[in-house]
Amino acid sequence: VAARRRVARFLRQTTPDVAYVDYATQAMLLAPMLQQAGVPLVVHVHGFDVTATMGNAFFVEQLAGLFASAHAFIVPSQHLRRRLLLAGCEPAKVHVVHCEPHLEGWQALPMAERTAVPSVVALGRLTSKKNPLALLRAFALVHAQLPAARLTLIGTGPMAEAVRQLIHELKLESAVELTGALPRKEALARVRQHWLFAQHSVTAPNGDQEGFPVAIIEACALSMPVVSTRHSGIAEQVIDGETGFLVAEHDYQTMGAKMLELLQDPVKCTAMGQRGQQHIQQLCPPGQRVRAILEHLRRVAALQL
């Protein structure tokens, strides 16, 4: 009740031209108040909004109402656009605006300046959606064939203890480094030192999916080949066989084989990384996201004039 009063007071005091709301779950709460105030609504939808939540009948009912009342929806991937359309949203209302890599001033390192041994890095929360256990089992297959290989996991999360236990079970303590959570700039500095980036994203047990993983486009922008899964917007970020490799969800055996193929061939690593950097520069040009979102906000605001 107090929050609703604060929002109502804010709307009276500012009389905004348009509201841009992050997450459909938040937009559902705000939509009635915005309608009453005559403020048009643009919603930024994330993977959570149209995956994990879709098993809740009340949420699905509210989402249908949001489709009718909101003026536009912005999604970071074609995959999430398809999910919205399948859920019943009008196609003309849904616009894809990709996220952009923000490298904090870091540039790609030449292969000769990266780790002296073949290395893999992952950056992200240790959650079931990221499936770090599958990544560890893939790397164990790599390490069995290439004992010099090393894996760095940057991040923490609810699966941290399970990750430590599996590292011990697989006897990989000397080959895997767990850094925990790092400041963003430091994390990117660590990422760029490795040969390739890996992420085994899957649909979580509760249905949650990725939207457009930023860590992957940052790795691409740092001229790193990526080995990941055919999951959500990742297939838009990584061109299978050209800028990296994509495998089926949970197929850690194939993931291990693809990582090994790259780690045994630095020339291929370099070539794929360079193509990946070019692809991301074209897909996510600097400043494009802000310009596109502002354009949609201005268009929606103009409809109310």
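This is a predicted model: local features need pLDDT of at least 70, side-chain atom pairs count only at pLDDT 80 or more; totals for chains, interfaces and linings use all residues.
**Cavity and pocket**

Helices (H or I, at least four residues) and strands (E, at least two) are DSSP runs, numbered from the N terminus. Rolling a probe the size of a water molecule over the atoms shows where empty space is left. On a 1 Å grid over the protein atoms alone, a cavity is a set of points where a 1.4 Å probe fits but cannot get out. A pocket is an open set with protein on both sides within 12 Å along at least five of seven lines, and lining residues have an atom within 4 Å of a point. Grid points are joined across faces, edges and corners, and a volume is the space filled by probe spheres set on the points.

The count comes to 1 cavity of 30 Å³ or more. The largest cavity holds about 120 Å³ of space. It is lined by 14 residues, and those closest to its centre are Ala122, Leu123, Gly124, Arg125 and Lys130. The largest pocket holds about 600 Å³. Its lining has 28 residues, of which Lys130, Glu210, Pro213, Val214 and Ala215 lie nearest the centre. Helix 7 (184-191) and helix 8 each supply at least two residues of that lining.

Helix 5 (residues 132-145) has 14 residues and reaches 20 Å from its first C-alpha to its last, close to the expected 20 Å; the expected span is 1.5 Å times one less than the number of residues. Among its buried residues are Leu135, Leu136, Phe139 and Val142, where buried means under 20% relative accessible area, exposed over 50% and partly exposed in between (1.4 Å probe, protein chains only). The buried residues of helix 5 pack against elements including strand 5 (119-123), strand 6 (150-154) and helix 10 (252-263), and contact means heavy atoms within 4.5 Å.

Thr127 lies in the loop between strand 5 and helix 5. This residue touches Pro132, Pro158 and Met159, not counting residues up to four places away in sequence.

**The two sheets**

Strands of a sheet pair through backbone hydrogen bonds, either parallel or antiparallel. Two strands pair here if DSSP finds at least two bridges between them. An open sheet of 6 strands has the order 7-6-5-8-9-10, with parallel pairing. Strand 7 and strand 10 (244-247) are its edge strands, each pairing on one side only. From one strand to the next, the twist averages 20 degrees. Strand 5 and strand 8 are joined by 2 bridges, and Val120 has Leu196 in strand 8 as its bridge partner. Helix 8 (residues 214-221) packs on this sheet, touching strand 5, strand 8 and strand 9 (226-229), and its direction makes about 155 degrees with that of strand 9. Axes are lines fitted to C-alpha atoms, for helices over the stretch in contact, and angles run from 0 to 180 degrees between N-to-C directions.

The other open sheet has 4 strands in the order 1-2-3-4, and the pairing is parallel. Strand 1 and strand 4 (94-96) each have a single partner strand, so one side of each is left without a neighbour in the sheet. The twist averages 25 degrees from one strand to the next. Strand 1 (residues 19-22) is joined to strand 2 by 4 bridges, with Ala19 opposite Leu41 and Asp22 opposite His44. Strand 2 and strand 3 are joined by 3 bridges, and Val42 stands opposite Ala72. Both faces of strand 2 (residues 41-44) are covered: Leu41 and Val43 are buried on one side, and Val42 and His44 on the other. In strand 3, Ala72 and Ile74 are buried on one side, and Phe73 and Val75 on the other. Helix 12 (residues 288-303) lies across strands 1, 2, 3 and 4, running at about 170 degrees to strand 3 (72-75).

**Selected loop residues**

| Residue | State | Relative accessible area |
|---|---|---|
| Thr127 | buried | 15% |
| Lys171 | exposed | 67% |
| Ser223 | buried | 10% |

Most residues other than glycine have a negative phi. Lys171, in the loop between helix 6 and strand 7, has a positive phi near 60 degrees. Ser223, in the loop between helix 8 and strand 9, also has a positive phi, near 60 degrees.

Notes. Residues are numbered from 1 along each chain as its sequence is written. Side-chain values use heavy atoms; hydrogens and water are left out.
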